[in-house]
Amino acid sequence: MPDRAEVIERLLDDRACHQDWDAVVGRAVLEEEEHNPELAYVLRRVWERSGHRSINRVAASQFTTTPELPHSFEEPPIA
């Protein structure tokens, strides 16, 4: 059975994680890239199902933009 300090620490960590997720989701919605909110949603579900592993929360906060496609795939992507 966990002692009182361990229980309190878990509760505080859980609250901080949920606040962090709120920030991640908020940022994802503001991004131009349409897939970022979807990615944040999916990774939050994975986080919930995997025992709150921080790697999913960290990965969800790494936003990226899709480069513009070139006129032909023989050319490199436009930055």
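A polar contact, as I use it here, is a pair of N or O atoms within 3.5 Å; within protein, one must be able to donate a hydrogen and the other to accept it, and residues adjacent in sequence count only if both atoms are side-chain atoms.

**Entry 1: ground rules**

I am working on a predicted model, where local features need pLDDT of at least 70, side-chain atom pairs count only at pLDDT 80 or more, and totals for chains, interfaces and linings use all residues. Residues are numbered from 1 along each chain as its sequence is written, and side-chain values use heavy atoms, with hydrogens and water left out.

**Entry 2: Ser 61**

I started with Ser 61. Its side chain reaches the backbone oxygen of Val 58 at 2.8 Å. I placed Ser 61 in the segment after H3. Is Ser 61 buried or exposed? Ser 61 is buried, with 19% relative accessible area. For the cut-offs, buried means under 20% relative accessible area, exposed over 50%, and partly exposed in between (1.4 Å probe, protein chains only). I then looked up contacts, meaning heavy atoms within 4.5 Å. Neighbours within four places in sequence aside, Ser 61 is in contact with Val 24 and Arg 27.

**Entry 3: the overall layout**

I counted three helices and zero strands in the protein. Helices (H or I, at least four residues) and strands (E, at least two) are DSSP runs, numbered from the N terminus. The order from the N terminus is α-α-α. Of the 79 residues, 20% count as buried. I also looked at contacts with a separation of 6 or more: residues 24 or more positions apart account for 45% of them. The protein exposes about 6,500 Å², and carbon and sulfur atoms supply 56% of that. Accessible areas come from the Shrake-Rupley method with a 1.4 Å probe; for residues, only the protein chains shown count as cover.

**Entry 4: the core**

Which residues make up the largest nonpolar core? I listed nine: Cys 17, Trp 21, Val 24, Ala 28, Ala 40, Leu 43, Trp 47, Ala 60 and Phe 63. Two elements give two or more residues to this core, helix H1 (4-30) and helix H2 (35-49). H1 gives the most, with four residues. A nonpolar core here is a set of buried Ala, Val, Leu, Ile, Met, Phe, Trp, Tyr and Cys residues joined through side-chain atoms within 4.5 Å.

Not counting residues up to four places away in sequence, Trp 47 touches Cys 17, His 18, Trp 21, His 52, Arg 53, Asn 56 and Arg 57.

**Entry 5: Arg 57**

Arg 57 was my next stop. I found Arg 57 in helix H3 (residues 54-60). At 15% relative accessibility, Arg 57 counts as buried. Beyond its neighbours within four places in sequence, Arg 57 is in contact with Cys 17, Asp 20, Trp 21, Val 24 and Trp 47. A polar contact of 2.7 Å joins the side chains of Arg 57 and Asp 20.

That pair is also a salt bridge (2.7 Å, N to O). Arg 57 lies in helix H3 and Asp 20 in helix H1, so the pair ties together parts that are 37 residues apart in sequence. Asp 20 is partly exposed, at 33% relative accessibility. The salt-bridge rule is a side-chain nitrogen of Lys or Arg within 4 Å of a carboxyl oxygen of Asp or Glu.

**Entry 6: the other salt bridges**

How many salt bridges are there by this rule? I get four. Asp 22, Arg 44, Arg 45 and Glu 48 are linked in a network of salt bridges. I looked at Glu 48 in particular. Glu 48 forms a salt bridge with Arg 44, with 3.8 Å between the closest N and O atoms. These two are four residues apart in helix H2, so about one helical turn separates them. Glu 48 also forms a salt bridge with Arg 45, again with the closest N and O atoms 3.8 Å apart. Glu 48 and Arg 45 are three residues apart in helix H2, so about one helical turn lies between them. Glu 48 is partly exposed, at 39% relative accessibility. Arg 45 is partly exposed as well, with a relative accessible area of 32%.

**Entry 7: a surface patch**

Last, I checked the surface. Tyr 41, Val 42 and Val 46 form a nonpolar patch there, with about 280 Å² of accessible area together. Patches are made of residues with over 30% relative accessible area and no salt bridge: like charges are joined within 9 Å, nonpolar side chains (Val, Leu, Ile, Met, Phe, Trp, Tyr) within 5 Å. I placed Val 42 in helix H2. Val 42 counts as partly exposed, at 46% relative accessibility.
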